[in-house]
Amino acid sequence: MFPYRIGYGYDVHRLVEGRRLWLCGVELKHSLGLLGHSDADVAIHALCDALLGAASLRDIGYHFPDSDAAYKGADSKLLLKEVCRLLRDKGYEIGNADVTIMAERPKINPHIPAMIKTLASVMQIDEEAISIKATTTERLGFTGREDGMAASAVALIYKSE
Ligand code: MG
């Protein structure tokens, strides 16, 4: 079988008051946070779905259902760690991943080096293998109105033998 596989992930979470804002495993200071059963780290969720998709391992909701109290308030870094374990159990290594965060505010660029460091450590891969990008949506749509944030990700995985 062809040894390289790609996967794509996409996620959205609502922005509300009174929640902390976690993106790519890093907490950002902001007046609003993302709402969800876990810590609602929309970027990690998109990345998990890209990795799972590449390995034909269903999706994040299948492995960590929001009906399960075990994942209430869960640190998404732990979900990502588990996803990487599932892939390695199936004989895959992670080649690289590229994540895009869509948010009007706050400014994400200053946090990207810390985010890359965090993801590389959780995923046990080189920092060079992770790319994180951020874009506004020009004040258009739900992200532009700051009703929510979206993230998409692609990942490449491979079998080394
Ligand atoms: Mg999610």
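How many bridges join E5 to strand E6 (residues 130-135), and do the two run parallel or antiparallel? Select both strands in this predicted model. Six bridges join E5 to E6, and the two run parallel.

**Stop 1: around strand E5**

Stay on E5 and pick Val99. Its bridge partner in E6 is Ile132.

Next, select strand E7 (residues 148-159) along with E5 (residues 92-102). Ten bridges join these strands, which run antiparallel.

**Stop 2: from E7 to E1**

Eleven bridges join E1 to E7, and the strands run antiparallel.

**Stop 3: the magnesium ion**

Which residues coordinate the magnesium ion? They are Asp11 through OD, His13 through NE2 and His45 through ND1, at 2.2 to 2.3 Å. Along the sequence, the spacing of these donor residues is D-x1-H-x31-H. Asp11 belongs to strand E1 (residues 4-17) and His45 to helix H1 (residues 42-54); the pair is 34 residues apart and links distant parts of the chain. Are Asp11 and His45 buried or exposed? Both Asp11 and His45 are buried.

**Stop 4: a nonpolar patch**

Switch to a surface view and select Tyr8, Tyr10, Val12, Phe142 and Val154. These residues make a nonpolar surface patch of about 450 Å². E1 provides the largest share of the patch, with three residues. Phe142 is in helix H5 (residues 141-144). With a relative accessibility of 31%, Phe142 counts as partly exposed.

**Stop 5: salt bridges**

Side chains of opposite charge can pair when their charged atoms come close. How many salt bridges does the structure hold? There are nine, and the following selections show some of them.

Select Lys133 and Asp98. Their side chains meet in a salt bridge, with N to O at 2.7 Å. Lys133 is in strand E6 and Asp98 in strand E5, so this pair ties together parts that are 35 residues apart in sequence. Lys133, at 36% relative accessibility, is partly exposed, and Asp98, at 24%, is partly exposed as well.

Move to Glu127 and Lys117. This salt bridge has its closest N and O atoms 3.5 Å apart. Glu127 sits in the loop between H4 and E6 while Lys117 sits in helix H4, so the pair ties together parts ten residues apart in sequence. What separates the two is their accessibility class: Glu127 counts as partly exposed at 38% relative accessibility, whereas Lys117 is exposed, with a relative accessible area of 52%.

Then select Glu82, Arg85 and Asp89. Salt bridges with shared partners join these three residues into one network.

The last pair here is Arg88 and Glu93, whose side chains meet in a salt bridge at 3.9 Å, N to O. Arg88 has 30% relative accessibility and counts as partly exposed. Glu93 is partly exposed too, with a relative accessible area of 31%.

**Stop 6: backbone details in the loops**

Most residues other than glycine have a negative phi, and most peptide bonds are trans.

Start with Arg105 and Pro106. The peptide bond from Arg105 to Pro106 is cis, with omega near -10 degrees. Pro106 is in the loop between E5 and H4.

Go on to Arg58, in the loop between H1 and helix H2 (60-63). Arg58 is not a glycine, yet its phi is positive, at about 65 degrees. Its relative accessibility is 56%, and Arg58 counts as exposed.

Finish at Gln124, in the loop between H4 and E6. What is phi of Gln124 near? The value is near 60 degrees, which is positive in a residue other than glycine. Gln124 is exposed, with a relative accessible area of 63%.

Methods. Residues are numbered from 1 along each chain as its sequence is written. This is a predicted model: local features need pLDDT of at least 70, side-chain atom pairs count only at pLDDT 80 or more; totals for chains, interfaces and linings use all residues. Side-chain values use heavy atoms; hydrogens and water are left out. Donors are N, O and S atoms within 2.8 Å of the metal (3.2 Å for Na, K and Ca); water is not among the atoms, so sites may look incomplete. Helices (H or I, at least four residues) and strands (E, at least two) are DSSP runs, numbered from the N terminus. Buried means under 20% relative accessible area, exposed over 50%, partly exposed in between (1.4 Å probe, protein chains only). Two strands pair if DSSP finds at least two bridges between them. Patches are made of residues with over 30% relative accessible area and no salt bridge: like charges are joined within 9 Å, nonpolar side chains (Val, Leu, Ile, Met, Phe, Trp, Tyr) within 5 Å. Accessible areas come from the Shrake-Rupley method with a 1.4 Å probe; for residues, only the protein chains shown count as cover. A salt bridge is a side-chain nitrogen of Lys or Arg within 4 Å of a carboxyl oxygen of Asp or Glu.
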